[in-house]
Amino acid sequence: MPAYAVIGAQWGDEGKGKIIDFLAERATVVARYSGGNNAGHTVMNEHGTFKFHLIPSGVCWPNTANVIGNGVVVDPNVLIEEIEDIEARGLDASTIVVSDRAHIVMPYHVQLDQLQEARRGDSAIGTTGRGIGPAYLDKVDRSGIRIGELLDTEDLTLRLPEIIERKNEILTKIYGADPIDIEVIFAQVREWAPKLSPHIRAAEDIVAQALENGENIILEGAQGALLDMDHGTYPYVTSSNPTVGGALTGLGLGPRAFGGVAGVYKAYCTRVGSGPFPTEIFGEDADVFRNAGPVGEFGATTGRPRRIGWFDGVAGRYSARVNGFDSMIITRLDILDGRESVKVCVAYELDGQRIEKFPIDAVLLERCKPIYEEVPGWTETTAGLSDPNLLPAGARNYVEFLEKLLNVPASLISTGPERHQTIVWRPIIPEA
Ligand code: IMO
Ligand code: MG
């Protein structure tokens, strides 16, 4: 009956979408539990190449329900566009369900996100500018609008004027921006309601029913543990909980539902936006990573070049602990092909002291210098491999090095962006 969580273990962009598309063959439900369209999940299979921002990555399988849970914030314009796009490409969008309790990212949230970032100047967080932070802020402030309210727009029409009035005070008095025209918002609501109504349901019932039926569920993480509002490098974080606890509150699950919690780690590290990144490398060394492989290191949501660094074992151990990972999924191993050696950060130096514990405080972390171990590389190519027996000895050694460093066994290894370019080192979902 179990649910298997697939969670970003670094700063996002670990390749979660590809892994979930691979695993979804054996699941009847794939469910997103946090974040919004700040996520960009690239999926490549026989149906083509997709970049999902809101739609769960199980949508390419015909019999899988794709649930957007109550913990997600939903920009209706983006969801409608994604639904229309996959329908145009021959996929079945009727499998998409959005929780009536998911909060809406309103146009003023997007506007406020961008105004706030501009105001922050040098201390900008480097958000995706998609209104995610302001939408969660309103949720916590108890002034948010939930998707279910689109089912009765009359009530919403009564509630909106007061909300808009408050937003207009902020927009005009604090940011000197133009006020929102409430008629424009009403028009949006009228457009969203009929398009989204068929998808709005009590999502937790679908999840509960699948568990009761003994079916497999994949919990699709977005962002990464180090971007978690509570456990990440605050304030350079996203405004939700991508870590495992977010899956419980974001879908209404109990801990006994879990069959496994897998952390997705890139074979090196990347980060988009501001904030500390101890193993960061620059210049041409970083460009080699950025331009390697069929899909380069550029943000799937904003197109920004990603910051690049070596694998960070200190951060990796921390994220395994706060999530209770029982296995590690290693992605983009092929990008390390052809190197004489690969650097792995095994500890930090902080004020002359060697430390092995991750300092969560962003100011302290900024002062940490990585202590590297050089692991021998491999000359053979791993790109596209799916047979574990064909993995070259050097690559196998690297995988085993990471397993020991994190004290977490590897389950899947990804050797390319396509679904089939996946090595099952140890199965995540047991054979039926
Ligand atoms: P996936 O699911 C990479 C980063 C942003 C910024 C910070 C806060 O593709 O791994 P936000 O817009 O969330 O308020 O921005 O978080 N960020 C991501 N980076 N991949 C993501 O999602 C991200 N979602 C947010 O770059 O630094
Ligand atoms: Mg991303």
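Visitor: How far apart do the C-alpha centres of domain 1 and domain 2 lie?
Guide: They lie 29 Å apart. Before we go on, this is a predicted model, where local features need pLDDT of at least 70, side-chain atom pairs count only at pLDDT 80 or more, and totals for chains, interfaces and linings use all residues. Residues are numbered from 1 along each chain as its sequence is written, chains are lettered from A and ligands numbered from 1 in the order in which they are written, and side-chain values use heavy atoms, with hydrogens and water left out.

Visitor: Okay, and where does the chain get divided into domains?
Guide: Domain 1 covers 3-90 + 202-424, and domain 2 covers 103-199. Those bounds come from an automatic or database domain assignment.

Visitor: How many residues does each domain bring to the contact?
Guide: Domain 1 brings 28 residues and domain 2 brings 22 residues. Contact here means heavy atoms within 4.5 Å.

Visitor: And what area do they bury between them?
Guide: About 2000 Å², with 59% of it on carbon and sulfur atoms. Buried area is the accessible area (1.4 Å probe) that two parts lose on being put together, summed over both.

Visitor: Which residues of domain 1 lose the most area to domain 2?
Guide: Val73, Pro76 and Ile80, which together make up 26% of what that side buries.

Visitor: How many salt bridges are there between the two domains?
Guide: The count is one. Lys195 pairs with Glu84 there, and their closest N and O atoms are 3.9 Å apart. A salt bridge is a side-chain nitrogen of Lys or Arg within 4 Å of a carboxyl oxygen of Asp or Glu.

Visitor: Why would side chains pair like that?
Guide: Side chains of opposite charge can pair when their charged atoms come close.

Visitor: How many residue pairs are in polar contact between the domains?
Guide: Ten, counting pairs with both residues at pLDDT 80 or more. A polar contact is a pair of N or O atoms within 3.5 Å; within protein, one must be able to donate a hydrogen and the other to accept it, and residues adjacent in sequence count only if both atoms are side-chain atoms.

Visitor: Which element gives the most to the domain 1 side?
Guide: Helix 2, with six residues. Helix 2 (76-88) and strand 6 (73-74) each supply at least two residues of that side. Helices (H or I, at least four residues) and strands (E, at least two) are DSSP runs, numbered from the N terminus.

Visitor: New topic: what order do the ten strands of the open sheet follow?
Guide: The order is 9-7-5-2-10-1-11-16-20-21, with mixed pairing. Strand 9 (200-201) and strand 21 (422-424) stand at the edges with a single partner strand each, so one side of each has no neighbour in the sheet. Two strands pair if DSSP finds at least two bridges between them.

Visitor: Do strands 2 and 5 pair in which sense, parallel or antiparallel?
Guide: Parallel, over four bridges, with strand 2 at residues 29-32 and strand 5 at residues 65-68. Val29 has Ala65 as its bridge partner in strand 5.

Visitor: What about strand 17, which strands does it join?
Guide: Strand 17 (residues 339-350) runs parallel to strand 15 (residues 311-312), with two bridges. Nine bridges join strand 17 to strand 19 (residues 369-378), and that pair is antiparallel. Strand 18 (residues 353-355) is also antiparallel to strand 17, with three bridges. Strands 17 and 18 form a hairpin with two residues between them, and Asp351 in the turn has a positive phi of about 50 degrees.

Visitor: Where is Arg307?
Guide: Arg307 is in strand 14, opposite Arg271. The Arg307 side chain reaches the backbone oxygen of Gly273 at 2.7 Å.

Visitor: Last one: how many salt bridges does the structure hold?
Guide: It holds 21. One of them joins Glu46 and Arg419, whose closest N and O atoms are 3.1 Å apart. That pair links distant parts of the chain, 373 residues apart.
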